[in-house]
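Hi,

Here's the structure I said I'd pass along.

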Amino acid sequence: MINHTLLQAEGILIITPEAPLETTDFERLAQEIDPYIEANGKLHGLMLDAVSFPGWKDFAALVAHLKFVKNHHQKIQKIAVVSDSSVLSFAPKIASHFVQADIKHFSRSQREDALHWLTEDNH
């Protein structure tokens with residue numbers, strides 16, 4: 001399950017995984033951000049705010065996640081991974097091979113710094 005908030009004025013999507021990710025999570029995310037991207041051309045940033053990575057509920061959820069990334073990664077300028085999880089601290093290194101966005105890791109205590117970084121140079 002993913003909770004999410006779209007900061008419309010800033011063009012920032014904040015996602016917080018709470019439980020194993022489900023196919024419907026990615027459908028809901030797309031319903032929220034696709035109209036914004038259509039109207040504005042892109043998202044300035046995405047913040048993944050996670051204590052830990054909860055995994056996927058099933059294989060279909062993994063496929064939905066990969067499809068979501070494929071369909072949206074070129075329309076997101078920056079991704080901030082906010083987590084103290086050692087697994088998620090490696091996410092930017094791995095993801096940089098698959099997405100065009102600038103990706104940066106922040107510790108949980110640096111959440112405000114991450115939000116500031118995402119909103120820098122947004123014109």
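Below is what I found, starting with the whole chain and then two residues.

First, the ground rules: this is a predicted model, so local features need pLDDT of at least 70 and side-chain atom pairs count only at pLDDT 80 or more, while totals for chains, interfaces and linings use all residues. Residues are numbered from 1 along each chain as its sequence is written, and side-chain values use heavy atoms, with hydrogens and water left out.

The protein chain has five helices and five strands (DSSP runs, H or I of at least four residues for helices and E of at least two for strands, numbered from the N terminus). Along the sequence they come as β-β-α-β-α-β-α-α-β-α. Of the 123 residues, 40% are buried (under 20% relative accessible area; exposed is over 50%, partly exposed in between, with a 1.4 Å probe and protein chains only). Among contacts (heavy atoms within 4.5 Å) with a separation of 6 or more, 72% are between residues 24 or more positions apart.

Now the two residues. Leu6 sits in strand β1, residues 2-7, and counts as buried because its relative accessible area is 11%. Leaving aside neighbours within four places in sequence, Leu6 contacts Ile12, Leu13, Glu32, Tyr36 and Leu43. Tyr36 is 30 residues from Leu6 in sequence, with 9.1 Å between their C-alpha atoms.

Lys75 is in the loop between α2 (59-72) and β4 (76-82), and is partly exposed at 36% relative accessibility. Not counting residues up to four places away in sequence, Lys75 touches Ile37, Gly41, Lys42 and Leu43. Gly45 is 30 residues from Lys75 along the chain, with a C-alpha separation of 9.3 Å.

Cheers
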